[in-house]
Amino acid sequence: MIDCHVHLWDPASGFPWIRPGSVHHRAFRVDDLAASLPDGSVTGSILVEASRGDAGETLALRALRVSRPDLVAGYVGNLHVHGEGGPGRFRVLLRELGDSRPNGMRLGGASWVDTPAAARALIPELAPAGLVLELNLGRGALSAAARTADRHPGLTVVVDHLGNPPNLRTDPGQWHRDLERAASVPNVVVKVSGLLTQQHGVEPEQTAELVERVVHTLGPDRCLVGSDWPICLPRGSRADSLELSCRGLGRLSDDERAQIRHGNAVRVYGLRG
């Protein structure tokens with residue numbers, strides 16, 4: 001399996017969102033990543049930026065990819081922090097990074113309109129460089145992904161955490177409609193991740209039904225799996241998170257499960273090997 005959503009950070013380097021005293025307020029390093037799942041079930045991970053707050057995070061993720069290819073299969077940088085330099089400077093950066101450039105760049109916010117215009121201006125630079133766009137929006141991620149993918153048909157848009165659906169103890173009606181809209185645009189891909197956090201208090205069988213609906217609606221060739229470690233730790237371990245993400249894949253064929261657990265990540269992120 002390739003775990004398509006993990007983070008590493010050290011609060012001493014930034015990350016102002018991490019609250020002192022929380023389980024997250026410590027350094028999580030690459031050796032912690034290795035120790036978090038030592039049974040060999042994960043053959044590689046995609047590191048995802050964690051809002052350090054400066055462009056240096058991209059280079060820090062790159063260094064981890066270069067130094068530990070046995071653990072880090074690829075990485076996704078933060079598009080926000082490169083926005084002020086403009087498209088020209090961003091193109092130069094990608095050329096300088098060469099074969100070790102990011103596999104994707106992430107755009108986040110409460111909603112699409114809350115994302116920085118300067119960062120959105122970099123989106124046309126992604127597909128020509130072989131990078132995906134990742135979206136992590138508090139609301140409307142699936143519909144925003146569909147609109148963006150429509151405007152940029154050569155760009156793969158990856159939606160984090162199933163588009164952040166509401167907890168299933170509430171009505172997810174609009175999310176269902178947005179999922180159908182995303183399914184109509186073939187270059188939208190969805191990560192099955194974040195479930196331990198989003199669906200806290202929901203029965204695992206009900207969460208599995210949510211995953212089944214996503215896979216059925218988009219198709220198994222447009223889904224990825226991620227743990228969201230160490231964000232998941234207040235609710236469970238990395239193994240717990242991956243188990244919950246995969247629980248809804250039980251009715252698929254072996255080949256379809258292999259696609260979601262490994263093959264799609266290789267294709268979507270352009271991984272080596």
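Q: What makes two aromatic rings a pair here?
A: Rings of Phe, Tyr and Trp (its six-membered ring) pair if their centres lie within 6.5 Å; planes under 30 degrees apart count as stacked, over 60 as edge-to-face and the rest as tilted. By this rule the count comes to 3 aromatic pairs. Bear in mind that this is a predicted model, where local features need pLDDT of at least 70, side-chain atom pairs count only at pLDDT 80 or more, and totals for chains, interfaces and linings use all residues. Side-chain values use heavy atoms, with hydrogens and water left out, and residues are numbered from 1 along each chain as its sequence is written.

Q: Why are Trp-9 and Trp-17 called an edge-to-face pair?
A: Their ring centres are 5.3 Å apart and their planes stand at 85°.

Q: Why is the pair of Phe-28 and Trp-229 called edge-to-face?
A: Here the centres are 5.6 Å apart, with 85° between the planes. Again, that's within 6.5 Å and over 60 degrees, so edge-to-face it is.

Q: What does the pair of Phe-28 and Trp-229 tie together?
A: Phe-28 is in the loop between S1 and H1, while Trp-229 is in the loop between strand S8 (223-225) and helix H9 (238-247), so the pair joins parts that are 201 residues apart in sequence. Helices (H or I, at least four residues) and strands (E, at least two) are DSSP runs, numbered from the N terminus. Phe-28 and Trp-229 are both buried. Ring pairs also link these two with Trp-9 and Trp-17 into a cluster.

Q: How do you know that strand S1 is largely enclosed by the rest of the structure?
A: Count its residues (2-6): 5 of the 5 are buried, so the strand is largely enclosed.

Q: What makes S1 and S2 paired strands?
A: Two strands pair if DSSP finds at least two bridges between them. S1 and strand S2 (residues 44-48) have 3 bridges, in the parallel sense. Along the way, Asp-3 stands opposite Ser-45 in S2.

Terms used: Buried means under 20% relative accessible area, exposed over 50%, partly exposed in between (1.4 Å probe, protein chains only).
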